[in-house]
Amino acid sequence: SSRVLWTLAVTQLEKMFATRFVRFASTSVPKATLIERKGGNTTKLAADELFSKGKFVVFGVPGAFTPVCSTKHVPSFLQNADAIKAKGVTDVACVSINDPFVMEAWGNQLGAPEKGVRLLADPSGEFTKALDLATDLSAAGLGLRSKRYSMIIENGQVKKVNIEDSPGDFKVSTAENILSEL
C-alpha cells in the first residue's frame with residue numbers, strides 16, 4: 001500500500017514536471033492586447049494576429065527603467081538586433097507590464113526605434129498572465145510584473161522559451177542565447 005502511494009506520488013510529480021517543461025512546446029500565442037506607442041501615436045495590437053505570420057523574438061522584462069532591464073537585457077537585444085533579423089526573424093519585441101507612455105519614453109532613451117526593436121506595453125498583464133510568465137514583485141514595491149524571459153515564436157506558435165530563475169538574473173534570456181537557438 002505504501003508502494004502504491006509512492007508510485008502515485010512519483011507519477012504525479014513526473015506529470016507536473018513534464019507539463020512545466022513542455023507547456024510551451026506547442027503553445028499558441030494568446031488572444032491578448034498589447035499596446036505600442038510610436039511618435040506620439042498609440043496602437044492596440046492583437047498579440048495572436050501580430051505574431052501569426054513569420055518568426056519573432058520576444059523578450060519580457062520586469063520593468064522599464066529598472067537596472068538589469070536598462071543596462072543589460074534591452075541593450076543585449078539592441079546590439080544583436082541585426083544579427084537576429086539576419087537569421088530570418090521578422091521582428092524583435094520587448095514586452096513589459098507597463099503603460100505605453102513609459103514604454104515609448106524608455107525605448108526612445110535606449111535607442112530602440114533606431115535599432116528596430118519594438119517596445120510593447122502589456123498594461124494589465126493580459127499577455128504575460130496568459131503565458132504564465134507573471135510574477136508578484138510586491139515585496140520590492142513593483143506589484144505584478146513579468147518574469148525575465150526570451151522566446152521564439154513561429155507562425156503564432158511559441159517554439160522556445162528561456163525563463164530566468166529570478167528577476168535580477170540575466171543568464172538564459174540574453175540575445176546571445178536566442179541567437180544560438182535560431
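How far apart are the end C-alpha atoms of helix α3 (residues 67-85), and what should its 19 residues span at 1.5 Å a residue?

Modeller: Happy to. First, the ground rules. This is a predicted model, in which local features need pLDDT of at least 70 and side-chain atom pairs count only at pLDDT 80 or more, while totals for chains, interfaces and linings use all residues. Residues are numbered from 1 along each chain as its sequence is written, and side-chain values use heavy atoms, with hydrogens and water left out.

Now to your helix. The end C-alpha atoms of α3 are 26 Å apart, which agrees with the 27 Å that its 19 residues should span. The expected span here is 1.5 Å times one less than the number of residues. Helices (H or I, at least four residues) and strands (E, at least two) are DSSP runs, numbered from the N terminus. α3 also bends by about 50° at Q79, where the bend is the angle between axes fitted to the seven residues ending there and the seven starting there.

Next, what α3 hides. Its buried residues are V68, C69, S70, H73, V74, P75, S76, F77, L78, N80, A81 and I84. Buried means under 20% relative accessible area, exposed over 50%, and partly exposed in between (1.4 Å probe, protein chains only). An α-helix has 3.6 residues a turn, so residues three or four places apart point the same way.

Leaving aside neighbours within four places in sequence, N80 is in contact (heavy atoms within 4.5 Å) with A175, E176 and L179. Helix α7 covers residues 175-181.

S150, in strand β9 (residues 149-154), touches F77 along with V58, F59, K160, V161, N162, V172, S173 and I178, not counting residues up to four places away in sequence. S150 is buried, since its relative accessible area is 0%.

L110 and V74 are 36 residues apart along the chain, yet their C-alpha atoms are separated by 8.1 Å. L110 is partly exposed, with a relative accessible area of 23%.

Staying with α4 brings us to a pocket. The second largest pocket holds about 200 Å³ of space, and of its 15 lining residues the closest to its centre are R37, K38, P113, V117 and L119. α4 (100-110) gives the most to this lining, with five residues, and β2 (33-38), α5 (112-115) and β6 (117-121) are among the elements that each supply at least two. In grid terms, on a 1 Å grid over the protein atoms alone, a pocket is an open set of points where a 1.4 Å probe fits, with protein on both sides within 12 Å along at least five of seven lines, and lining residues have an atom within 4 Å of a point. Grid points are joined across faces, edges and corners, and the volume is the space filled by probe spheres set on the points.

F65 lies in the loop between β4 (55-61) and α3 and is partly exposed at 43% relative accessibility. Phi of F65 is near 65°, a positive value in a residue other than glycine. Most residues other than glycine have a negative phi.
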